[in-house]
Amino acid sequence: MKNIVIAGYARSPFTPAYKGALATVRADELTAQVVKALVNESGINPNDIEDLILGCAFPEGEQGLNIARLVVYLAELPVSVAGLTINRFCGSSMQAIHIAAGAIQMNAGDAFICAGVESMSRVPMGGFNILPHPELYKKYPQAYIGMGETAENLALKYHISRAEQEAFALLSQKKTYAAQQQGLLSNEIIPINRPNAESVQIDGCLRPESTAQGMSELQPSFLKYGSITAATSSPLTDGAAAVLVCSEDYADKHRLNKLARIRSIAVSACLPEIMGIGPVSATHKALARANLSLSDIDIVELNEAFAAQSLSVLKELNISPEKLNIDGGAIALGHPLGASGARITGKAASLLQRENKQFALATMCIGGGQGIATILEACHEH
Amino acid sequence: MNIEKVAVIGAGVMGSGIAAHIANAGISVYLLDIVPKEGGNRNAIAEGAISKMLKNTPYAFMHPKNARLVTPGNIEDDLEKLSQVDWVIEAVIENPSIKQSLYQKLSRVCRPDTLISSNTSTLPLSVLTEHQDALFKRRFMITHFFNPPRYMRLLELVSPTELDPNLLQMVKSFADLSLGKGCILCKDTPGFIANRIGTYWLQTAVLEAISHKLSIEQCDAVMSLFGVPKTGVFGLLDLIGLDLMPHILNNFKQTLKPDDPLYAIADIPPLLQSMIEQGNTGRKGNGGFYRLQPGSKHKLKESINLQLGEYSLSNRFQIKGASFKTKDLQAFLDDEGVLNRYAWRVWSKTLCYAAELVNEIADDITAIDSAMKLGYNWRLGPFELIGHLGIDWLTHKLEKEQLALPEILFSRQDLYIIQDNTLHYKDKSNRYHPVQRPEGVLLLSDIKLQSRPILENAAASLWDIGDGIVCFEFHSKMNTQSIDSMALLEASIKKVSADYLGMVIHNEADHFSAGANLTLLTPAILAQDWETLKSIVQLGQNTLRTLKYAPFPVVAAPTGLALGGGCEILLHCDAIQAHAELYTGLVEVSVGLIPGWGGCKELLRRWQSNPRCPKGPLPAIAQTFETIGLAKVSQSAQEAKELLFLAKTDGITMNKDRLLEAAKTRTLALSHDYQPPEQAIYNLPGQSAFSALDIAINNLYLSGKATVYDVEITKQLAKVLSGGDTDITEALSEQDMLDLELEAFLYLLQQPGTLARLEHMLTTGKPLRN
């Protein structure tokens with residue numbers, strides 16, 4: 001088996017859909033600026049890149065037409081770099097990393113850009129033309145269940161109170177804001193240039209003014225008598241993220257900055273009406289494949305689709321709070337669907353370096369009833 | 001000379017409202033106020049006024065984006081910018097020295113041909129122009145708007161003799177064409193026209209109410225019987241704000257001669273004084289004569305007892321057996337009951353006061369009638385009301401009651417007559433003069449005085465408005481649609497096909513049409529007479545289809561409400577020339593139904609051909625579904641364009657009096673080589689689109705945003721808009737779509753939920769959310 005490494009990570013600022021600073025920027029343009037900067041910063045010879053694999057949950061409209069290939073042109077990469085757009089909803093860009101890892105094992109290339117993007121301002125969640133299979137919808141309506149409702153189901157199943165969710169969300173806001181204030185996010189952010197406007201440099205979804213009292217006064221968002229509100233859900237977000245994935249041999253040969261080795265990968269599936277629990281089985285599979293146990297893991301990046309969903313996962317997986325989402329999570333930072341997988345994997349790899357730790361887990365739930373997980377091991381120079 | 005840029009100084013309620021309405025006309029405007037004393041943002045006052053207007057109803061802006069045309073500023077930093085503007089409107093505090101010193105500054109920065117006007121309602125022109133030089137008087141006048149400036153149509157103009165006639169013409173033409181105002185030239189007398197008579201009427205009505213020991217509900221009902229808006233007297237005072245009354249009355253006290261009848265009554269009654277002191281100043285305060293019960297969740301309405309000054313639950317009061325008809329009003333005033341005496345005392349005094357003032361405040365009676373109609377929304381002006389009551393009857397009654405007859409009534413000759421097919425008014429020397437309409441103003445009411453309808457029945461009439469064009473007029477209560485109106489429309493289409501070039505659909509009521517007459521439906525539902533109901537729906541469908549494909553152009557010219565069936569009529573016309581104040585929408589869901597006269601298919605077709613709509617089979621369906629499902633109603637004609645009830649090419653007329661002429665011109669233009677539209681074809685995704693909408697409906701239900709019966713209705717709507725059991729590869733005709741509408745409509749009519757909604761609407765006038 002070859003060693004496969006993450007040798008670079010970058011992302012755009014994450015800003016709120018519609019009202020945020022990136023609402024006016026097309027998804028292809030947004031991704032291209034991030035990819036271009038990543039290639040420059042990583043020092044890779046762009047001619048060596050086999051493929052640009054781009055995850056996107058709603059690849060239509062401005063995100064359509066095999067956006068990955070178009071990003072190659074926009075980022076002014078050599079025309080020899082191929083482009084592949086993939087979709088596993090929220091797991092899309094983590095899946096991009098997995099595909100690259102598989103290809104490298106098959107000797108089908110040495111270096112890959114694995115990216116993800118979602119402009120939730122410009123392509124609505126669900127896309128422009130939702131047209132469900134009428135018979136499937138009748139027989140098995142949960143195939144098309146709304147995400148908020150799945151989180152309500154988990155809150156019921158795991159007896160997670162609204163107050164617990166709000167405490168989790170408030171902590172997410174606090175951790176994210178602290179990281180932002182300490183400059184721990186700025187080194188991963190690529191400023192995004194906009195036509196006739198200032199460039200965008202900072203994350204825009206954070207609500208540092210949040211209070212427990214304020215959160216407790218919000219109306220439920222999905223069920224009339226439910227417990228999930230806007231404050232305990234990740235916001236609709238615009239953003240892009242990318243990592244450089246290559247064989248360790250290639251990285252060493254070209255003296256790239258290795259952040260972490262990919263120890264194992266997994267996807268799993270569960271009932272769609274409790275899709276948020278997906279990370280549990282995916283994590284178990286990945287741990288088994290890495291021959292590790294959860295206690296070996298030092299850093300965990302668990303995507304916070306909803307507070308109730310994250311708390312449900314934490315009831316099944318014993319993860320101590322000081323390891324979890326230490327720079328904050330998606331409830332505060334935002335969740336541009338296709339981009340989040342690359343963000344948490346790149347973040348986990350970076351944190352292994354910064355915190356000088358050995359193993360990291362990045363995992364997330366996926367609409368339709370799936371989970372995805374990646375286990376990383378730090379590449380420390382000895 | 002054209003007005004291309006305006007400035008308003010003073011961002012109070014009036015100044016900011018005027019600025020917003022100028023923006024509604026598409027003209028950029030500076031809104032300046034003083035720099036706040038407490039420091040901070042120097043434009044805070046003007047900026048605050050703009051954001052307040054974006055929130056508060058009734059909306060000052062016809063569309064929120066119009067706010068971008070208003071540039072906020074302050075008079076210290078931005079005065080130089082006024083060198084760019086063509087008109088400066090001063091709307092600062094009613095203090096002559098503050099105004100005069102502002103005029104000094106304006107004279108320095110403004111171009112010599114810039115008009116400067118004051119929106120004063122109390123200060124005479126002579127005071128404002130005191131110590132000003134001749135140059136200033138050449139460019140200064142009073143332009144008095146009424147509150148709220150967007151909605152009240154009156155603009156009182158008072159100009160010095162020295163005013164440059166070009167400037168007067170410029171402002172008149174801009175106010176008329178672009179702002180939609182009725183400009184009335186007033187003499188320089190206290191309160192000008194409308195507030196002089198209006199204040200006398202209000203004050204008389206309050207004092208007489210107290211002395212007759214009546215409830216405020218009784219008084220307001222009596223007043224509205226005479227064509228005054230439903231707010232009557234006390235509801236109107238709540239709107240104006242009771243705290244303004246002492247200023248208004250005090251000002252009349254200072255400026256009127258002591259023998260003026262208003263002078264004698266211009267004292268604030270003790271009850272009002274104590275209400276003001278307690279903060280009960282009206283709708284903007286803690287409520288006024290009427291209020292919502294404090295702390296009540298159920299929005300219970302309370303009213304004050306004029307004798308005791310205490311609030312109790314308000315009792316709705318209706319006057320039975322009387323209408324606005326002459327005989328009814330005469331009989332009502334002749335009766336000896338306390339309400340009847342009250343009405344007589346108020347109206348005899350008010351009409352006589354107006355009659356005494358004719359030459360003092362205006363050139364003629366038409367100016368006074370127009371001012372009261374445009375400024376106070378009276379159905380008839382005082383002299384028209386005298387005519388409506390009958391001059392003989394009124395003068396006899398005045399004499400019988402030993403009241404002095406005003407000079408203009410001495411001769412007992414009619415104040416208005418028709419001569420040579422034209423309306424004429426009488427002056428004090430008993431001479432008649434034709435009522436002049438400005439060029440571009442065509443009134444159906446004038447045509448009705450001169451001619452007989454080509455066709456008519458109880459619900460509608462067809463009028464020849466010249467040049468080969470006819471006007472189809474609804475005239476039922478609220479202009480609701482019925483078998484009669486559809487039958488006459490069908491007959492009119494035949495008539496016009498044979499003898500005329502085109503048709504305008506228009507009426508001069510406040511509202512174009514409130515939709516189908518719901519009272520037709522409920523008896524048939526209760527009798528389970530589904531065949532009759534089916535035939536009513538098909539009659540509408542067939543008539544509107546005939547209208548759409550008629551061999552001549554049809555242009556609708558709506559104003560006010562055009563709801564449900566009224567909106568469906570608009571959707572079937574070749575073009576719409578809308579009054580700017582158009583409130584239109586397909587609101588059938590609020591009575592448990594969906595549009596059944598082709599409204600679904602027409603709005604869907606508009607969304608499908610709209611370039612703004614994302615591509616693919618679903619977006620147009622989803623947009624139409626949302627517009628009908630949420631019963632969206634435009635807050636202006638400008639917004640109706642955004643909702644696609646109006647096409648991009650449809651016209652908007654600001655001045656209601658110019659609507660018919662504009663629509664006629666449009667019809668004539670379309671009549672050259674007219675070709676009826678081509679039949680539309682619909683390729684719809686059927687069940688898969690239905691499933692997508694069903695998911696959305698269920699999510700709305702789960703989140704508590706849709707009720708159980710909302711779900712039932714919107715599923716039927718989803719079925720129609722997705723094309724029923726069709727497939728994207730199949731082409732549906734308009735008739736297929738009409739059949740789907742009919743099927744869904746009849747299904748809903750048979751549901752108890754729809755009957756409950758219909759009955760609730762008919763009894764309470766409000767929608768039921770079952």
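The model is predicted. B:Leu292 sits in strand S9 (residues 290-292) of chain B. Is this residue buried, partly exposed or exposed? B:Leu292 is partly exposed, because 14 other C-beta atoms lie within 10 Å, and a buried residue needs 20 or more. The C-alpha atom of B:Leu292 is 8.6 Å from that of B:Ser303, 11 residues apart along the chain.

**The sheet around S9 of chain B**

S9(B) pairs with strand S10 (residues 301-304) of chain B through 3 bridges, and the two strands run antiparallel. B:Arg291 has B:Glu302 in S10(B) as its bridge partner. The open sheet has 3 strands in the order S9-S10-S11 of chain B, with antiparallel pairing. S9 and strand S11 (311-313) of chain B form the edges, each pairing on one side only. Neighbouring strands of this sheet are turned by 35° against each other on average, direction ignored. Strands of a sheet pair through backbone hydrogen bonds, either parallel or antiparallel.

**A parallel pair in chain B**

Strand S1 (residues 5-9) of chain B shows the parallel arrangement: 5 bridges join S1(B) to strand S2 (residues 28-33) of chain B. B:Ile9 stands opposite B:Leu32 in S2(B). S1(B) is mostly covered, with 4 of its 5 residues buried.

**Helix pairs**

In chain A, helix H1 (residues 27-42) packs on helix H2 (residues 67-74) at an angle of about 55°, with axes 9 Å apart. H1(A) and H2(A) are therefore oblique to each other. Their crossing is right-handed. H1(A) contributes A:Ala27, A:Asp28, A:Glu29, A:Thr31, A:Ala32 and A:Val35, while H2(A) contributes A:Ile67, A:Leu70, A:Val71 and A:Leu74. By type, the residues of this contact are 7 nonpolar, 1 polar and 2 charged.

In chain B, helix H28 (residues 708-721) and helix H29 (residues 734-749) pack with their axes 9 Å apart, at an angle of about 165°. How are H28(B) and H29(B) oriented to each other? They are roughly antiparallel, because the angle is over 145 degrees. H28(B) passes H29(B) in a right-handed crossing. From H28(B), B:Ile713, B:Gln716, B:Lys719 and B:Val720 meet B:Leu740, B:Glu741, B:Ala744, B:Tyr747 and B:Leu748 of H29(B). The contact of H28(B) with H29(B) holds 6 nonpolar, 1 polar and 2 charged residues.

**Backbone exceptions**

Most residues other than glycine have a negative phi, and most peptide bonds are trans. The table gives some exceptions.

| Site | Feature | Angle |
|---|---|---|
| B:Thr57 to B:Pro58 | cis peptide bond | omega about -5° |
| B:Asn147 to B:Pro148 | cis peptide bond | omega near -5° |
| A:Asn356 | positive phi, not a glycine | phi about 55° |
| B:Leu644 | positive phi, other than glycine | phi near 70° |

Where do these sites lie? B:Pro58 is in the loop between helix H2 (44-55) and strand S3 (70-74) of chain B. B:Pro148 is in the loop between strand S6 (140-145) and strand S7 (154-158) of chain B. A:Asn356 lies in the loop between helix H12 (340-355) and strand S11 (359-366) of chain A. B:Leu644 lies in the loop between helix H25 (637-642) and strand S23 (651-653) of chain B.

A:Asn356 counts as exposed because it has 10 C-beta neighbours inside 10 Å, and the limit for exposed is 12 or fewer. B:Leu644 has 23 C-beta neighbours inside 10 Å and so counts as buried.

**Where the chains meet**

Key: Residues numbered from 1 in each chain as written. Chains lettered and ligands numbered in written order. Predicted model: local features only at pLDDT ≥ 70, side-chain atom pairs only at ≥ 80, totals over all residues. Pairing = 2+ DSSP bridges. Axes fitted to C-alpha atoms, helices over the stretch in contact; angles between N-to-C directions. Parallel < 35°, antiparallel > 145°, perpendicular 65-115°, else oblique. Left-handed = near helix turned anticlockwise from the far one by under 90°. Contact = placed C-beta atoms within 7 Å. Nonpolar A, V, L, I, M, F, W, Y, C, P; charged D, E, K, R; others polar.
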